[in-house]
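Me: I am new to reading protein models, and I would like to be guided slowly through one of them. Could we begin with the way the chains meet and then turn to the strands?

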Amino acid sequence: MSLIDKRYFRDVSSEQDFYMAKTTENELESVVIRFAGDSGDGMQLTGTQFSNTTALFGNDIATFPDFPAEIRAPIGTLAGVSGYQIHFGSKKINTPGDMSDVLVVMNVAALKANIKGLRKGGVIIANSDGFDSKNMRLANVPEDKNPLTDGSLSEYDVKTIDVTKITRAALADSGMGTKEIDRCKNMFVLGLIYWMYHRDMQSSIEFITSKFSKNQAVMNANIKVLQAGWSYGETTEMFANRYNVAPAQMETGIYRSIMGNQAAAYGLIAASVKCGLPLFYGTYPITPASDILHELSKYKNFDIKTFQAEDEIAAICSSIGAAFGGSLAITGSSGPGIALKGEAIGLATMLEMPLVVVNVQRAGPSTGMPTKTEQADLMQAMYGRNGECPVVILAAQSPSDCFTMAYEACRIALQHMIPVFFLSDGYIANGAEPWKFPQSDDLPEIKVSFVPQRAAEDPKFMPYQRDEKLSRPWAIPGTKGLEHRIGGLEKQNITGNISYDGDNHELMTHLRQEKVDKVANNIPLQTIDTGAETGDLLILGWGGTYGALKTATTILRGEGLNVSHAHVRYLNPFPKNLGDILKNFKTVVVPELNNGQLVKIIRDKYFVDAIPFNKIQGQPFMSDEVVRKIKEILA
Amino acid sequence: MNEIAAKLTSKDFASDQEVRWCPGCGDYSILKQVQTVLPDLGRPREEFVFISGIGCSSRFPYYMDTFGMHSIHGRATAIATGLKATRPDLSVWIITGDGDSMSIGGNHFIHLLRRNPDVNVLLFNNQIYGLTKGQYSPTSEQGKVTKSSPMGSVDYPFNPIALCLGADATFVARTMDRDPKHQQAIIKRGYDHKGTSLVEIYQNCNVFNDGAYEIYTEKSSKKEETLMMEHGKPLIFGENNDKGIKLDGFKPVIVSLNDVSVDDLWVHDETDLVKATIISRFYDDPGKENHFPRPFGVFYVNNNKRTFDDLFNEQITEAKETKGPGELNQLLAGRETWVVN
C-alpha cells in the first residue's frame with residue numbers, strides 16, 4: 001500500500017474487511033478480455049503478460065493480437081489502434097472468442113474501433129485521459145459526443161479511471177520524465193486486471209525485472225505501477241465484482257504457453273537436432289514471418305545458422321546453396337516474398353533437393369494487409385511456378401501445431417529429397433495457447449545419410465538414380481568420387497546430364513509428380529476431429545481456422561445437428577483416405593479465409609460438390625458466423 | 001601438398017560432357033586456363049564447387065569434373081554465399097557474365113562483394129547478351145546497335161571494376177581471354193586471396209560482338225592501348241614502353257618518358273584504394289583523343305577485411321562456448337511450465 005499515492009484514492013487498509021465484503025466473488029467458466037490502445041501504449045505486452053500468467057495459472061487460453069501495420073501510426077487515431085484479445089477458461093478454449101466480455105481502452109479511438117466487438121452488458125475500463133478534446137479530435141469524434149459522458153454506452157458497465165494521472169502520481173518521486181512515466185500506464189491496467197481475476201503477479205514482476213535489468217529506475221517504476229493497478233482495484237469502490245476462472249480440465253502433463261511463430265522455430269530446431277544436421281535459415285524480414293528469424297537467431301549454440309539476405313530471392317538461393325552443402329535448409333517469408341522465390345522453388349524442384357519453404361500468410365495480393373490474416377496462398381503453393389512443378393504442402397492448424405507441422409515439413413523434405421511448403425498464417429503465428437510440449441525422445445526419428453565416397457574403380461556416381469520413394473541420393477561436395485553437376489536444365493533420368501529429349505522430359509515430369517504422390521505413404525491418415533464418421537454435413541477446414549470450426553461444430557452438435565469437422569494438415573498430397581471420408585457425408589462445406597481455394601482442389605480431385613464458405617476481411621472466422629452459415633445450408 | 005592432389009592434371013578437371021560453345025568463343029580459353037590452374041592449387045578435386053547462373057558462360061560447370069551447379073539467372077552469388085557459409089572447407093567458384101552479374105543479378109553481386117565470403121568470381125564480360133542471341137548488355141557501350149536497339153542503345157554502360165570497388169570488394173582484377181599466361185596468373189592470385197576475389201575477364205563473343213576487345217588483344221595495338229599493372233612497378237605502356245602515367249595531385253596524366261623520368265611515374269600500389277579508384281576510371285572509349293590505356297592486372301587487394309564465412313561461423317562457435325551446446329528438452333520446456341494432474 002505504501003506504493004500508492006494517497007491523494008487520488010483513500011487508503012482503506014484499515015477498512016479492508018468492509019470493502020472486501022462489498023466485493024462480490026463470481027465463478028466464471030470463461031472470459032474474453034480485449035486490451036486496446038494506441039500502438040505506443042504497450043497493449044501487446046500487456047496482453048502477452050496476462051496470457052502467460054493465465055496459462056501458468058492453468059486456464060486454457062487462446063489469444064489474438066490485432067495490430068496495425070504502422071509501427072507508430074499517428075497517435076490517437078483509429079489507424080493507430082492496437083488490440084490484443086485473450087479468451088481463457090476452465091473449459092477447452094478453441095478460439096480467442098467472438099465477442100469480448102471486458103474491453104480495456106486507453107483512448108477514444110480504441111473504444112471506437114472495438115466497441116462493436118464487446119457484448120452487451122460487458123465491462124469497459126476506460127482511461128479518461130485518452131478521452132480529452134485532443135484525443136476526441138484525433139479520433140474524429142465531435143466534441144459534444146464524448147462517449148464516456150453522452151450516455152451512448154448505457155448498455156455497458158463503464159469504469160472510468162484516469163490512468164495517466166494515477167501513473168504520474170505514483171511515479172512522482174521516481175525522477176523520471178513525463179514521457180518515460182507515461183510508458184508505464186499499461187502496467188497499471190495489467191495490475192488492475194490481475195486483481196479482477198485473482199492472478200498472481202509474480203511472473204510479470206520477474207519478466208519486468210529481467211527485461212529492464214539494465215535500467216533499475218524503469219524496472220522499479222513498472223513494478224510500482226503494476227502494484228498500483230492491483231491496489232486500485234482492491235481499495236476503490238469502483239469494482240464491485242471479482243472473478244474466479246478455475247484451472248481448466250486438460251490432459252495431464254507438463255504445459256507451457258507458446259506462440260505460433262515461436263513454435264515453428266522450435267519445430268525447425270527440433271528437426272535439426274533429430275536429424276543431426278546444422279540448420280540454415282535464409283530469409284529476408286517480412287511481416288508476419290520475421291519472428292521466426294528473431295527466434296532462430298537466438299539459438300546459434302544449437303548450430304542454427306540464420307542469414308538475413310539482401311532480398312527474398314537471395315534468401316531462398318542461399319538456402320539452396322546450404323542444402324547442396326548438406327545442411328537442413330529452410331527459407332521463410334510471407335506471400336509477397338514467396339512470389340519472388342517462385343523461380344528458385346522451381347530450381348529446388350529440378351535439383352530434387354530437401355528444402356523447407358515457410359509461408360506465414362497474410363492478406364494479399366501485393367502488399368495487401370501485412371498484419372492481417374488470410375489463407376489465400378494455397379494456390380500459390382500448389383501452382384505458383386512455371387512449368388509442372390509439384391511440391392509437398394503442409395499447413396498448421398493452431399499455434400502449437402506450428403511445431404508439429406514445421407517438424408513434419410523438415411522430416412518429409414529430408415526423407416524424400418523434395419521441397420516442402422509449410423503454411424502458417426498471421427493469426428496462428430501471433431496467437432498463443434497452452435502447449436503440452438513433447439520430449440525430444442517422443443519425436444519421430446529423421447534419418448539422413450549422405451552418399452559415401454567412391455574409389456576410382458567403382459562405377460560412376462549417378463546423381464538421379466532413385467530409391468523406392470523415387471528420391472535421389474544426397475551427394476554433398478567434399479565427398480571423393482562423387483563429383484557431379486546439377487542444375488535447372490532438364491535432367492536425363494539417372495545420369496543427371498542435360499537432356500532436351502521430349503520423352504525424357506515427360507518421364508521426368510511424371511517422376512517429379514509421383515515423388516510427391518508417394519509422400520502419401522509417409523503421412524498419417526485423415527481423421528475426423530469432432531463428430532461422427534458419417535453424417536449430414538462435413539465441415540472441411542485447413543490452417544488457422546481450426547479453433548473456430550471446432551467450436552462451431554461442437555455448438556451445432558449440441559443442438560442435435562449431425563455435423564462433423566475434419567481439418568486437413570497435409571494438403572499435397574492429401575491423406576490417402578480423404579476421398580473416402582468425403583463420401584460419407586451428404587454435404588461437404590469448406591470454410592476458408594480466401595475466395596475459395598481448398599474447395600477448388602477438393603472439387604477437382606474428388607468430384608465432390610463441396611460448398612465454399614468464404615471470409616476475406618483480414619480477420620479470423622467467428623464461431624457464431626460458421627454456426628449460422630451451416631444452419632442456413634442445412635435448412 | 002596432398003599426394004593425390006599433386007598427381008592431378010588439367011585433364012582430371014575436364015568432364016565427359018561435350019563442350020558446346022560456338023567455335024571460336026573466348027569461353028574456351030577461360031575453361032582451359034581454369035583447368036590448367038586448378039591442378040596446381042594442391043587441393044583434392046572433390047573440394048572444388050563451380051556455381052553459375054544463366055548465360056553462355058554459365059554452362060561452364062558442366063565442363064568441369066568437379067562439383068557444380070548451373071542455377072538460375074543472376075543467383076549463383078546468393079547460392080554460393082549459402083554454400084560457403086555452411087561449408088567453409090570448400091573452394092567455391094562463381095561463374096557469371098555481364099548480364100548475369102550486373103543486370104538480373106546486380107543486387108546479389110554487390111552484396112556478395114560487401115559481405116566478402118572467401119569465394120572466387122570469374123566475370124566473363126563480352127558486352128553482349130549471347131545466349132538470347134544478341135541484345136545489348138549493361139556493359140555495352142552507349143549507342144550500340146543490336147537486335148533490341150536498332151537505333152543504338154541509350155543506356156550508359158557500367159564500369160564493372162569501379163562498381164566492384166564501390167561495393168568494397170577486397171580483390172579486384174581484370175584480364176583477357178587472349179592472354180593465357182596473364183589469365184592464369186590472375187586466376188591463381190584470385191584463388192590465393194582470402195575473401196571474395198573478382199576477376200573480370202574480357203571475353204570475345206565472335207558471333208554477336210566480334211572484335212569488341214580487339215584493340216586490347218591484337219598485337220598491333222595491345223602495347224599502345226593496354227596498361228599492364230604490376231604491384232610496385234611504375235605504370236608504363238606504349239609500343240616502345242615509352243609512355244607512362246604520372247599523378248598530378250589526384251589527376252592522372254599521360255607523359256612521355258622522353259620528357260619525364262621513370263622515377264617520377266605513378267608506382268602501382270595494389271593496397272591503395274584511392275589510387276585503385278582513380279585507375280579504375282581509365283575506362284575511356286579508345287576512339288577518343290588523348291584517352292587513357294585500359295588497365296589489366298590487379299587493381300586492388302584488401303587483406304584486412306575479415307571474410308563473411310569466418311565471421312558467420314565464429315558466432316556459432318562463440319555461442320556454443322558461452323552457452324554450451326543446445327539442449328532440446330530445455331528449449332521446448334522454456335522458462336515457465338505448469339503441471340496438470
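**Where the chains meet**

Reply: In this predicted model, 60 residues of chain A are in contact with 51 residues of chain B, where contact means that the C-beta atoms of two residues, placed from the backbone, lie within 7 Å. Residues are numbered from 1 along each chain as its sequence is written, while chains are lettered from A and ligands numbered from 1 in the order in which they are written. Because the model is predicted, local features need pLDDT of at least 70 and side-chain atom pairs count only at pLDDT 80 or more, whereas totals for chains, interfaces and linings use all residues.

Me: Which element of chain A gives the most to the side that touches chain B?

Reply: Helices (H or I, at least four residues) and strands (E, at least two) are DSSP runs, numbered from the N terminus. Helix 12 of chain A gives the most, with nine residues, and other elements that give two or more residues include helix 13 (335-351) and strand 10 (279-283) of chain A.

Me: What classes of residue make up that side of chain A?

Reply: It has 29 nonpolar, 20 polar and eleven charged residues, where Ala, Val, Leu, Ile, Met, Phe, Trp, Tyr, Cys and Pro count as nonpolar, Asp, Glu, Lys and Arg as charged, and the others, Gly among them, as polar.

Me: How should I read the order of strands in a sheet?

Reply: In general, strands of a sheet pair through backbone hydrogen bonds, either parallel or antiparallel. Here two strands pair if DSSP finds at least two bridges between them. One open sheet of three strands has the order 16(A)-9(A)-14(B), with antiparallel pairing. Strand 16 (432-435) of chain A and strand 14 (338-340) of chain B stand at the edges, each with a single partner strand, so one side of each is left without a neighbour in the sheet. From one strand to the next the twist averages 35 degrees.

Me: How many bridges join strand 9 and strand 16 of chain A, and which helix packs on the sheet?

Reply: Strand 9 (residues 253-259) and strand 16 of chain A pair over four bridges in the antiparallel sense, with R256(A) opposite W435(A). Helix 2 (residues 43-57) of chain A packs on the sheet, and its direction makes about 165 degrees with that of strand 9 of chain A; axes are lines fitted to C-alpha atoms, for helices over the stretch in contact, and angles run from 0 to 180 degrees between N-to-C directions.

Me: In which sense do strand 17 of chain A and strand 2 of chain B pair, parallel or antiparallel?

Reply: Strand 17 of chain A and strand 2 (residues 67-70) of chain B pair in the parallel sense over three bridges, and R485(A) stands opposite G68(B).
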